[in-house]
There are 2 protein chains.
Amino acid sequence: MQVAIALYPEFTALDVIGPYDVLGRLPDTEVVFVAEHPGLVRNDLRSLSINVVAGLADMPNPDVVIVGGGPGQTEQMSDGSLHDWLRTVDRTSAWTTSVCTGTLILAAAGVLTGRRATTHWGALEHLTEFGVTPTHERVVIDGHYATAAGVSAGIDMALTLAGLIAGDDAAQALQLLIEYAPEPPYNSGSPDSAPVEIVEKLFTLFPPS
Amino acid sequence: MQVAIALYPEFTALDVIGPYDVLGRLPDTEVVFVAEHPGLVRNDLRSLSINVVAGLADMPNPDVVIVGGGPGQTEQMSDGSLHDWLRTVDRTSAWTTSVCTGTLILAAAGVLTGRRATTHWGALEHLTEFGVTPTHERVVIDGHYATAAGVSAGIDMALTLAGLIAGDDAAQALQLLIEYAPEPPYNSGSPDSAPVEIVEKLFTLFPPS
């Protein structure tokens, strides 16, 4: 199985590394990071650079496609080579997937039209602009599309996909391998559960970079 | 605040990227990936290379030190420059931390002697060999040491630390930002909750790389 993870400048690392470290451990699986411009691709915090060895054209038919989000997503909303590639690989992929605001890129490329999908809670309403039905769930499966809510939700999506691809035993073994028995120290991971004042002042405390 | 994340060949990416994408978003925080040999450092799955720009000697007094785990941990158990650096930075760090089998490296370097600590569930018993008390909890704080269980536990550790460093409001805002409201599709993240047959055959399904 071949998994392609598309990177672009100012991506959020955890969006893609969560799914990577789950799906990349399935047997007989090759993961390739791809980008429009191979070479070092720098993340949103600007202190992490991943060395991308493949261009988009080098990966014409991956089995699984993953697009993550991050502040750089806004620069990837215009049609161009990434959108072209997404439309092309989507024709033959077993699964086309996204995490966080990566879903907006898939939506803008036109592949999610008429589908139910999720994205970061702060961006959910924007899906309607692309004819996609915003769905406030952590992981949404519709057809061969799997979309995940914000950042850390990619881990849940990847374990769900691992089960669909390789069976429940393999997925449970992967969950045990990465010891994914989460114990968040607060109950603040969703706008539904976080204190109202935290939701209201989030973007003051952490302005989008 | 300066955070140093030590990498070595065959590290597990999620071990370090979880804490990175939490602590790296705290205000006025600089994260630097460091390694004995700067340049591209390749992970356990061999499909991800991070460009490390600083050597150990370039970061003599970070406020927070993070050591992750992975199959490459076994090559980091002998005394040498990484151990020297860990002992040195530990003298002035506010927090010396580890995720997964990174705890074994800290233990082997001698900085955890007499402390309570945790690591990946499959490695927990080995802590006794270094005079460290194995503690089967997801996050263990003892003095200025914070240790996390396997792989994904680094996210919980980092949110705990974020609260101790920057306060509960900041930590809750970070949890909301990364939408960390986990919903694992199985209940298999710990040897206590996973089906017995999954625990027993884990290392057959996923042999250490």
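Reply: Let's start in chain B, where B:Arg116 and B:Glu137 form a salt bridge, with their closest N and O atoms 3.2 Å apart. This pair links distant parts of the chain, as its two members are 21 residues apart. B:Arg116 sits in strand β8 (residues 116-117) of chain B, while B:Glu137 belongs to the loop between β9 (133-134) and β10 (139-142) of chain B. Please keep in mind throughout that this is a predicted model.

What lets two such side chains come together? Side chains of opposite charge can pair when their charged atoms come close. A salt bridge is counted here when a side-chain nitrogen of Lys or Arg is within 4 Å of a carboxyl oxygen of Asp or Glu, so the 3.2 Å between B:Arg116 and B:Glu137 qualifies. By this rule, the count over all chains is 18 salt bridges.

Are the two partners buried or exposed? B:Arg116 counts as partly exposed because its relative accessibility is 35%. B:Glu137 is partly exposed as well, with a relative accessible area of 39%.

Now look at another arginine, A:Arg25. Its side chain meets that of A:Asp21 in a salt bridge of 2.6 Å, N to O. Both A:Arg25 and A:Asp21 are buried. A:Arg25 also has a partner in chain B: its side chain and that of B:Asp44 meet in a salt bridge of 2.9 Å, N to O. That pair crosses between chains, running from the loop between α1 (13-23) and β2 (30-35) of chain A, where A:Arg25 is, to the loop between β3 and β4 of chain B, which holds B:Asp44. Put together, A:Asp21, A:Arg25 and B:Asp44 are linked in a network of salt bridges.

The cut-off for "buried" is under 20% relative accessible area, so A:Arg25 falls in that class at 13% relative accessibility. B:Asp44 is buried too, because its relative accessible area is 2%.

The loop between β3 (39-42) and β4 (49-52) of chain B also holds B:Arg46. Its backbone is worth a glance: B:Arg46 has a positive phi of about 70 degrees although it is not a glycine. B:Arg46 counts as partly exposed because its relative accessibility is 45%. In chain A you can find A:Val151, which is not a glycine either and has a positive phi of about 40 degrees. A:Val151 lies in the loop between β11 (145-148) and α4 (153-166) of chain A. With a relative accessible area of 6%, A:Val151 is buried.

Chain A is superposed on chain B by a rotation of 180 degrees with 0.0 Å of shift along its axis, and the RMSD is 0.0 Å. The two copies are therefore related as by a two-fold rotation axis. Which residue of chain A has its C-alpha nearest the axis? It is A:Ile50, at 2.4 Å from the axis. Both copies use the same surface, as 100% of the contact residues of chain A recur in chain B.

Leaving aside neighbours within four places in sequence, A:Pro184 is in contact with B:Asp156, B:Gln175, B:Tyr180 and B:Pro182. At 28% relative accessibility, A:Pro184 counts as partly exposed.

Let's finish on the surface. In helix α2 (residues 81-92) of chain B you will find B:Arg91, which is exposed, with a relative accessible area of 67%. Its C-alpha atom is 9.4 Å from that of B:Val111, which is 20 residues away along the chain. For a contrast to charged side chains, turn to the nonpolar surface patch that A:Met1, A:Ile141, A:Leu164 and A:Ile165 form, with about 300 Å² of accessible area together. A:Met1 lies in the segment before β1 (2-7) of chain A, and at 30% relative accessibility it counts as partly exposed.

Conventions. Residues are numbered from 1 along each chain as its sequence is written. Chains are lettered from A and ligands numbered from 1 in the order in which they are written. This is a predicted model: local features need pLDDT of at least 70, side-chain atom pairs count only at pLDDT 80 or more; totals for chains, interfaces and linings use all residues. Side-chain values use heavy atoms; hydrogens and water are left out. Patches are made of residues with over 30% relative accessible area and no salt bridge: like charges are joined within 9 Å, nonpolar side chains (Val, Leu, Ile, Met, Phe, Trp, Tyr) within 5 Å. Accessible areas come from the Shrake-Rupley method with a 1.4 Å probe; for residues, only the protein chains shown count as cover. Helices (H or I, at least four residues) and strands (E, at least two) are DSSP runs, numbered from the N terminus. Buried means under 20% relative accessible area, exposed over 50%, partly exposed in between (1.4 Å probe, protein chains only). Copies are superposed by least squares on the C-alpha atoms of residues with pLDDT of at least 70 in both. Contact means heavy atoms within 4.5 Å.
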